[in-house]
Amino acid sequence: MKELTQADIEDIISRVQVRLSGVPEGAAPASTLVAQTELQTDGELGDGIFATIDEAVAAARVAQSSYATEGLKTRHRIVDAIRRAMLDEADNLARLAHTETGLGRYEDKIKKNILVATKTPGPEDLEPVAVTGDDGMAVTEWAPVGLVGAITPTTNPTSTIINNSISILSAGNAAVFNVHPNAKRTSAENIRILNRVITQAGGPPNLITAVATPTLDSAKALMVHPDVRVLLVTGGPGVVKEALQAGKRAVTAGPGNPPVVVDETADIEKAGQAIVAGASFDNNVICTDEKEAIVIDAVADRLLKAMADSGAYLLKQHELARLERVIFREMGPPNKPGSINPAFIGKNASVILKEIGVAVDDSVRLVVADVPNDHNLVWTEQMMPVFPVTRVRDVSTAIDLAVRAEHGFRHTAGIHSTNVDAITRMARAMNCSIFVANGPFFSGLGQGGEGYSSFSIASPSGDGLTRPRTFSRPRRVSVVGALRIV
Ligand code: NAD
């Protein structure tokens, strides 16, 4: 198979877009790989899906030992085939994920699938490093780790599976998934398609496996399985804590509460537009989405107007009081997170506003609340398109509040400012895996920003945006007194 070029990618994306414009939502898109576009029966086995963790691990182990003997050309061929197929299935998988989980926006899930299919690094990430000197030469190469046990969230089921699979397989490994139970049928379908694609491209069967009925117990069984060398865990604090107790290397991608600061030097209209786009992306379920804005009081009214001009709905104070009773199961003490009502996680703004008798259509992507600094919304990872804007007197106070509201997750943060000193000070103080200046936070994932993409941002373990190197063992060969040829 010919290597995927930029022109190929653009061609596939435009075909997806043409198909979308001609296909009403809910209708089955044309597909070359999946005859079955509806969710399959729960528990269906085959094409990488097994009844137990032991079977899934054993099959992936056999696959990995054969894959490890293949050269880099095979890896490139398989990863290219995965990219093509996932682009081709981007809309189908988005529709399945949206239908099964009820979270987010179908059209944004398509963008997420396209992003990871095109911008997750492939085997080219494993460029060897050579050093030479008076004592000879040393080369470092990136060896496979073997089997990676991957645990995925309900918020980005398919984009995480696509991203993790490309990273793990590019490094010569096999992957065993324990997916979120609320996305199990979509995830199983995604894994079945990946297995068909891999075998069609000449790879072994079962290079990616999963259990048909994932549970917390099967997640724990995967974590402690002796044949699983490395864990890749993407989710909230509970699963991160559990993985850290497994007694093996755990790449942990945990929760965030990304603050965005807007200072008086920013292009306020552009900032308002960017924050509405970023905070509403997939209805705010993505861990990197803006979760609260901290704005200098002198420009706060202009920012709120800019957000309204970009299509956000500004809550009146009496509406906020009513909405709090809807979206919080329990509000916490001041300056602390509250407990969010899960029924409204990932829902459209129109659905949430309807609960307080406000009728808007689905073009309204974000609900904005002007709140005091200690309001629970500022401190909570709400994962819904209800977004707090809070006022402070100056940029130093804003940065200080941003650090505290982020809870030390060191995940994602950003600023709108033209003051390089403020940008630098905040980036240093936040100490996050991703810091975005003057753009929506999805730019930090490579969507409209530079750099590669990942949907597992491993801040607790310090790995940052995961990539093939993350799932490799660096190995050195040292030749003493020779092979420096100049
Ligand atoms: P979740 O923690 O409920 O579930 C994530 C996965 O972990 C699921 O597969 C779930 O079954 C499993 N799990 C949960 N608790 C477990 C336990 N105690 N033992 C074993 N397995 C367990 O999270 P979610 O609602 O699916 O996703 C949203 C959360 O994930 C948010 O906090 C978000 O910030 C975070 N997230 C982080 C990243 C990142 O890259 N850092 C990416 C996506 C989501």
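**A short tour of the model**

Start by selecting aspartate 108 and arginine 365: the two form a salt bridge, with their closest N and O atoms 2.7 Å apart. (A salt bridge here is a side-chain nitrogen of Lys or Arg within 4 Å of a carboxyl oxygen of Asp or Glu.) Aspartate 108 sits in helix α5 (residues 106-119) and arginine 365 in the loop between α13 (349-354) and β14 (367-371), so this pair ties together parts that are 257 residues apart in sequence. By that rule, the count comes to 20 salt bridges.

Before moving on, note that this is a predicted model, where local features need pLDDT of at least 70 and side-chain atom pairs count only at pLDDT 80 or more, while totals for chains, interfaces and linings use all residues. Residues are numbered from 1 along each chain as its sequence is written, and side-chain values use heavy atoms, leaving out hydrogens and water.

Next, pick helix α4 (residues 90-101) and helix α7 (residues 184-200), whose axes come within 8 Å and cross at roughly 160°. That makes α4 roughly antiparallel to α7 (the word is used for angles over 145 degrees). Show the side chains in the contact (heavy atoms within 4.5 Å): α4 brings Leu93, Leu96, Ala97 and Glu100, and among those from α7 are Lys184, Arg185 and Ile193.

Last stop: leucine 483, in the segment after β20 (472-480).

Technical notes: Axes fitted to C-alpha atoms, helices over the stretch in contact; angles between N-to-C directions. Helix = DSSP H or I, 4+ residues; strand = E, 2+ residues; numbered from the N terminus. Parallel < 35°, antiparallel > 145°, perpendicular 65-115°, else oblique.
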